[in-house]
Amino acid sequence: MKRRNILSLLLAAAAAGSILTGCSGSAPAQSTAAESTAASSAAETATIEPFTQEEATTDKETAEANPSAPGARQPVDPSVTVRVGSLKGPTSMGLVELMDKSEKGEALCSYEFTMVAAADELLGKMVSKELDIALVPANVASVLYNKTEGGISVIDINTLGVLDIVASDDSIKSMADLKGKTVYATGKGTTPDYVVHYLLQANGLTDEDVKLEFKSEPAEVAALLKEQPDAVAMLPQPFVTAACAQNENLKIVLDLTKEWQAVQGEGGSQLVTGVTVVRNEYLQENKPAVDAFLAEHKDSAAFANEDPDAASELIAAAGIIEKAPVAKKALPYCNIVCITGSDMKEALSGYLQVLFDQDPQSVGGKLPEDGFYYTAE
């Protein structure tokens with residue numbers, strides 16, 4: 001691959017945000033709500049324990065009495081505003097409870113939320129310091145880290161995999177079954193491209209065995225599936241649901257998150273879709289606010305998984321998915337999590353290593369250093 005300037009790489013990598021633009025529908029899927037909740041629960045030991053306003057008051061009193069006391073949580077300065085940007089899709093779905101609390105004045109911090117459709121909008125706002133925290137595609141976080149020369153840190157993983165192979169062909173039960181077929185997809189040169197190539201190679205297939213035909217937008221692939229009922233495609237949610245709704249014979253035949261796990265094996269990396277990053281300048285000046293956001297983000301992600309009825313109403317009200325019933329059906333497929341600490345570092349570093357091995361430019365030319373991973377300790 002020819003070298004490109006880093007800004008072009010940044011914008012190209014931002015296209016990976018297409019896999020985070022939404023998640024909806026009632027399409028049959030191999031992942032379940034229980035699995036999604038389990039993914040969040042599995043990170044319990046690595047996530048920050050949530051704390052209530054009463055606990056925050058107690059922490060404030062403790063910190064004032066003895067700021068160096070072990071475990072004393074530093075109080076949040078009420079004059080500090082946390083400006084948070086997210087993508088219209090699963091990342092924002094995991095924030096809706098916090099958005100609601102903030103609107104009601106019940107959050108621990110003063111928040112300003114910005115929700116956009118494309119990752120490059122968030123990146124521009126982070127570089128221009130219009131945002132303090134942003135929820136972005138995983139590889140884009142690495143590109144941004146290299147672009148800003150270590151100016152940002154990742155504080156949590158907010159979503160795992162949302163990519164699927166869809167087809168009406170019941171004979172497709174493994175990656176090996178794609179041999180000799182054409183797979184339509186989007187995101188050439190970005191996360192979907194790297195993921196599918198990695199999985200094909202791991203299953204003994206080459207570019208000669210499977211033809212990948214990339215289109216400009218997921219909607220174009222969905223339209224093609226409607227016109228060609230026997231076509232095979234790799235799509236993210238919500239386009240999987242839309243395509244299946246247009247063709248009753250179409251179904252999810254391969255869950256790429258499960259395929260990734262099968263290749264990586266026990267203890268291997270996870271297929272990471274989205275992460276949350278913070279500007280280090282802001283973190284250094286407002287660490288209590290960042291830690292409070294992490295605690296509230298964890299609560300909000302758990303709410304999305306554990307109370308789909310209430311969460312779906314908030315998702316619809318926020319305009320992420322138009323109708324609450326559709327949002328409710330979408331939630332189990334969105335893999336909303338809040339993974340922090342060593343578990344975050346292990347999962348994300350392993351994922352970035354796979355992308356780096358495919359193409360170093362996919363992560364900004366080099367892997368991030370240890371300072372990229374914030375442990376909140």
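Guide: Axes are lines fitted to C-alpha atoms, for helices over the stretch in contact, and angles run from 0 to 180 degrees between N-to-C directions. This is a predicted model, in which local features need pLDDT of at least 70, side-chain atom pairs count only at pLDDT 80 or more, and totals for chains, interfaces and linings use all residues. Residues are numbered from 1 along each chain as its sequence is written, and side-chain values use heavy atoms, without hydrogens and water.

Visitor: Why is α5 called oblique to α13?

Guide: The axes of α5 and helix α13 (residues 287–306) cross at roughly 120° and come within 7 Å. Under 35 degrees counts as roughly parallel, over 145 as roughly antiparallel, 65 to 115 as roughly perpendicular, and the rest as oblique. Therefore α5 is oblique to α13.

Visitor: What makes α5 roughly perpendicular to α14?

Guide: Helix α5 (residues 96–103) packs against helix α14 (residues 308–317) at about 70°, with the axes 9 Å apart. So α5 is roughly perpendicular to α14.

Visitor: Which residues of α5 and α14 meet?

Guide: Val-96, Glu-97 and Asp-100 of α5 meet Ala-311, Leu-314 and Ile-315 of α14, where contact means heavy atoms within 4.5 Å.

Visitor: What makes a set of residues a nonpolar core?

Guide: Its members are buried Ala, Val, Leu, Ile, Met, Phe, Trp, Tyr and Cys joined through side-chain atoms within 4.5 Å; buried means under 20% relative accessible area with a 1.4 Å probe, protein chains only. The largest such core has 58 residues, and Leu-348 is among those with the most contacts inside it. Helix α16 (residues 341–358) gives the most to this core, 7 residues.

How values were computed. Buried means under 20% relative accessible area, exposed over 50%, partly exposed in between (1.4 Å probe, protein chains only). Helices (H or I, at least four residues) and strands (E, at least two) are DSSP runs, numbered from the N terminus.
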